[in-house]
Amino acid sequence: MWFKETVDAAIRANMQIVAPLRPGFGRTSIYEGASSDPYSFALEMEELLDHLRIDKAALMTVSSGLVHGLAAAQLMPDRFTSITASHPLLPVLGDEDLEGTNGYNRLIPQTRLRFPQALRFMGKAGFAFVKTKGPEAFAKAVTRASAKDVEWVSRPNILPIIVEGLYVHQENGYIGNYGDISFAEDWRPLLIDCPVPVRLVIGEHDRNVQWNAARKWAGELPHVALEILPNCGYLAHHQQGPVFLKWLKSDLSM
């Protein structure tokens, strides 16, 4: 989730980081049954927190993890102080929800809405492109990433993460975001009725986020705020790690 320097800073600030991955990511297994219920992962988060005896936490999500974080907050409203969502994927029910974004974060939801049978092929094509052309070429051609993000994707300590992700995706036969609930269901009520404050965080150079939707939700819902971080893009939580730690530590003190 973060590089060592950010984790070390959290430890020095007397913070404990627990970072469970959604099923199918990292070295986790995929769900046996339907994965369209956001509470399925929330129940596992509850079991984990019970096991670790953690009664209070500030929740951070990345990209399409927001829906699962919102479900967890609904399930355990007294356990979480807030949700900080880096590069949040917001509800997608039509083209208007994708205004302001481009690249694969626009292409995949549109495909999910219109041609879901093509998603698995697109996932395989994406993996093949990265393996043959490299992550930098993928960032430029497919995600249409900003120069700030291409610079980060090209860093040596990023490459092992990408390679490991490819290996695990192929090993598990998982299609990741291509079949995620984020593109399949109407989960607007989870955001509208969220019992804790939600902080949507976007890097100023991010070209793959739903800018219009983020501004819309922050403008309409009093418990939703939009934070735009300077000098970073899609990888905002890596590029501005100390800022996220400051927010999370402040939220934990509430």
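**Salt bridges and a helix crossing, reasoned from cut-offs**

Modeller: In this predicted model, D186 and R188 form a salt bridge in which the closest N and O atoms are 2.8 Å apart.

Colleague: What makes the pair of D186 and R188 a salt bridge?

Modeller: A salt bridge requires a side-chain nitrogen of Lys or Arg within 4 Å of a carboxyl oxygen of Asp or Glu, and since the closest N and O atoms of R188 and D186 are 2.8 Å apart, the pair qualifies under that limit.

Colleague: How do you know whether D186 and R188 are buried, partly exposed or exposed?

Modeller: Buried means under 20% relative accessible area and exposed means over 50%; D186, with a relative accessible area of 40%, falls in between and is therefore partly exposed, and R188, with 34%, is likewise partly exposed.

Colleague: How many salt bridges does the structure hold, and which one links distant parts of the chain?

Modeller: The structure holds four salt bridges, and one of them joins D251 to R199, with the closest N and O atoms 3.0 Å apart. Here D251 lies in helix α12 (residues 241-252) and R199 in strand β3 (residues 198-203), so that the partners, 52 residues apart, link distant parts of the chain.

Colleague: Why are D251 and R199 called buried?

Modeller: The cut-off for buried is under 20% relative accessible area, and because D251 has 5% relative accessibility, D251 counts as buried, while R199, with a relative accessible area of 15%, is buried by that criterion too.

Colleague: What separates K216 and E220 along their helix, and how far apart are N and O in their salt bridge?

Modeller: The side chains of K216 and E220 meet in a salt bridge at 3.7 Å, N to O, which is within the 4 Å limit. The two residues are four residues apart in helix α10 (residues 211-220), which means that about one helical turn separates them. K216 itself is partly exposed, because its relative accessible area is 38%, between the limits of 20% and 50%.

Colleague: Turning to the helices, why is α2 called oblique to α3?

Modeller: Helix α2 (residues 39-52) and helix α3 (residues 66-75) pack at an angle of about 60 degrees, with their axes 8 Å apart. That makes α2 oblique to α3, because the roughly parallel class ends under 35 degrees and the roughly perpendicular class begins at 65. The crossing is right-handed.

Colleague: Which residues make the contact of α2 and α3, and into what kinds do they divide?

Modeller: The contact involves Y39, F41, A42, L43, M45 and E46 of α2, and H68, A71, A72, Q74 and L75 of α3. They divide into eight nonpolar, two polar and one charged.

Note on methods
Residues are numbered from 1 along each chain as its sequence is written. This is a predicted model: local features need pLDDT of at least 70, side-chain atom pairs count only at pLDDT 80 or more; totals for chains, interfaces and linings use all residues. Side-chain values use heavy atoms; hydrogens and water are left out. Axes are lines fitted to C-alpha atoms, for helices over the stretch in contact, and angles run from 0 to 180 degrees between N-to-C directions. Angles under 35 degrees count as roughly parallel, over 145 as roughly antiparallel, 65 to 115 as roughly perpendicular and the rest as oblique. A crossing is left-handed if the near helix is turned anticlockwise from the far one by less than a right angle, and right-handed if clockwise. Contact means heavy atoms within 4.5 Å. Ala, Val, Leu, Ile, Met, Phe, Trp, Tyr, Cys and Pro count as nonpolar, Asp, Glu, Lys and Arg as charged, and the others, Gly among them, as polar. Buried means under 20% relative accessible area, exposed over 50%, partly exposed in between (1.4 Å probe, protein chains only).
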